[in-house]
Amino acid sequence: MSVEKQPKEALFAPKNMKLIFNPLNKENPITVQVLGICSALAVTVKLEPAVVMSISVLAVLAFANVIISLLRNTIAPRIRIIVQLVVIASLVILVDQILKAFAYEVSKQLSVFVGLIITNCILMGRLEAFAMGNKPWPSLLDGIGNALGYAWILIVVAFFRELFGSGTIWGFPVLEYTGLYHIGYKNNGLMILPPMALIIVGIIIWIQRYRNRELIENK
Amino acid sequence: MYSNKYIYIYSSVMVIIVAAVLSSAASLLKPVQEKNIRTEKMTDILHSVHLDADRSTAEDLYNKYIIREEAINAGGEVVCRFAGGQQELGNVRPFEINLKEEQHKQQMLLDGKEAEAPVFPLFICEKDGKEYFIIPLLGKGLWGPVWGHIALESDLRTVYGVVFGHKGETPGLGAEISTLPFQEQFDGKTLFDEAGHFTSIRVVKGGVQTLPPDQQNHGVDAISGGTITSNGVNDMIRDCLENYLEYIKKHLAS
């Protein structure tokens, strides 16, 4: 424990805002850290489940980060992974129960994927790398930032997969209105299969590195 | 350094707190969740006869249109009847029958084990002066259970409408069984061939047009990429309807 008194920081000091904005781009959990890929493949066939999944991950990650950060000085290093898992699992069960009670339709759509938030590597990754060593407020921001970084990739991938795979956006048959089907256009069945999500994520990574040269690894 | 004692106490306290939080959340939310499930079942039943119900109207519409609930045994006899808000026969309200348990009992008997005789629920709806018979369905998809309701017209051979639901079929593939375009294909299909033999409706890979003309009345187009779910739907419709064949025979004879 340090006895030095640290100067009190403003809640939205630039250092704190970085915690939110860095994961959106430079430290993106999916495209840069390559965490949470599994769920990015599974829930991105349609836009709506992707959005609800993002909100659920946001809730779980923000709360888990704060709880672990509050407990960080009491957790024995030997059992820290178990403690983190228990916190994540309980929060996920809570989210699942709440969805079942108050957003029944949505919970039916997400079904197993809510439970699978437990296995999302981003959660464990952030708890282990950030919340274990930082105060609650930065941890909260870090949680929100990483969840948003995860969310935007998910939503972009889901947008393209739904548009080209099913010809709809949020369930609305947009391509039907454009009359493309009459001139022989067909929905691409490959888009709804998991490999295509990986390819789209790959394209996003490509564009991101093209625009942001610091991300390219030096050999 | 943390002692073993500290770790034991820490984990015990943590587990107790988590258990308390989760179990109280579960029991607090249970009534709301069960109401959701009830309303959903009513909505499903109403949708199968093309009645537009939503969460708020389901209960009223259900009481208005479903004039009778019955449960039948393996011999096709009615063993429970619930009508007009009153139990007329037997001691179980057919609406409350858990199809999964009944199917389990049936399986136990098939395996030569001891079990109670299963009963199967049936809902009778009166709409615009016509009677419709609604049969609940339950089967297995790729990732979990699939279920549904099939409504038959009063001749008990023509399908009036179906609804399907699923727990976790792949979105965009198997999950399409719960969409209208897939379900609308079932309307007007028949369950019996010209000779009166039971011919269940099948989900056909490659499309109905690949079937011989006399079979086309018993098939619908499958969803590409959803083979296992489609097979699950086939099995579900066949297995569940078989339990009602005796009842249908008796009902048509009377």
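At 39% relative accessibility, A:Trp170 counts as partly exposed, that class being the range between buried (under 20% relative accessible area) and exposed (over 50%), with a 1.4 Å probe and protein chains only. A:Trp170 is in the loop between helix H8 (136-166) and helix H9 (174-178) of chain A; helices here are DSSP runs of H or I with at least four residues, strands are E runs of at least two, and both are numbered from the N terminus. Its backbone deserves a look too: A:Trp170 is not a glycine, yet its phi is positive, about 55°.

Some housekeeping before going on. This is a predicted model, where local features need pLDDT of at least 70, side-chain atom pairs count only at pLDDT 80 or more, and totals for chains, interfaces and linings use all residues. Residues are numbered from 1 along each chain as its sequence is written, chains are lettered from A and ligands numbered from 1 in the order in which they are written, and side-chain values use heavy atoms, with hydrogens and water left out.

**Chain B overall**

Chain B has 6 helices and 9 strands, and its C-alpha atoms fill a box of roughly 80 × 45 × 45 Å along the principal axes. Of its 254 residues, 46% are buried. Take the chain B contacts (heavy atoms within 4.5 Å) with a separation of 6 or more: residues 24 or more positions apart account for 49% of them.

As for charge, chain B has 24 positive and 34 negative side chains, and the centres of the two sets lie 5 Å apart. Lys and Arg count as positive, Asp and Glu as negative, while His and the chain ends are not counted; each charge is placed at NZ of Lys, CZ of Arg, CG of Asp or CD of Glu.

**Rings and charges**

Over all chains, the structure holds 13 aromatic pairs. Rings of Phe, Tyr and Trp (its six-membered ring) pair if their centres lie within 6.5 Å, and planes under 30 degrees apart count as stacked, over 60 as edge-to-face and the rest as tilted. One of the pairs is B:Phe164 with B:Phe182: the ring centres are 6.1 Å apart and the planes are at 45°, so the pair is tilted. This pair links distant parts of the chain, with B:Phe164 in strand S7 (residues 159-166) and B:Phe182 in helix H4 (residues 180-184), 18 residues apart. Both B:Phe164 and B:Phe182 are buried.

B:Phe182 also pairs with B:Phe186, with centres 5.6 Å apart and planes at 75°, so that one is edge-to-face. B:Phe182 and B:Phe186 are both buried. Over in chain A, ring pairs join A:Phe159, A:Phe160 and A:Phe164 into a cluster.

A charge sits over a ring if NZ of Lys or CZ of Arg is within 6 Å of the ring centre and within 35 degrees of the ring normal.

| Charged residue | Ring | Distance to ring centre |
|---|---|---|
| B:Lys41 | B:Phe95 | 4.5 Å |
| B:Arg93 | B:Phe82 | 4.2 Å |

What does B:Asn234 contact, leaving aside its neighbours within four places in sequence? The partners are B:Ile201, B:Arg202 and B:Val203. B:Asn234 is in helix H5 (residues 227-242) of chain B, and counts as buried because its relative accessibility is 12%. B:Ser230 is found in helix H5 as well, and is buried with a relative accessible area of 5%. With residues up to four places away left out, B:Ser230 touches B:Val203, B:Ala222 and B:Ile223.

B:Leu211 belongs to the loop between strand S8 (202-204) and strand S9 (219-221) of chain B. At 13% relative accessible area, B:Leu211 is buried, and beyond residues up to four places away it touches B:Arg202, B:Val204, B:Gln216 and B:Gly219.

**Around helix H2**

B:His50 lies in the loop between helix H1 (4-48) and H2 of chain B. Phi of B:His50 is positive, near 60°, in a residue other than glycine, and B:His50 is partly exposed at 40% relative accessibility. B:Asn63 is in helix H2 itself (residues 58-65), and counts as exposed because its relative accessibility is 52%. The C-alpha atoms of B:Asn63 and B:Cys125 are separated by 9.9 Å, with the two residues 62 apart along the chain.
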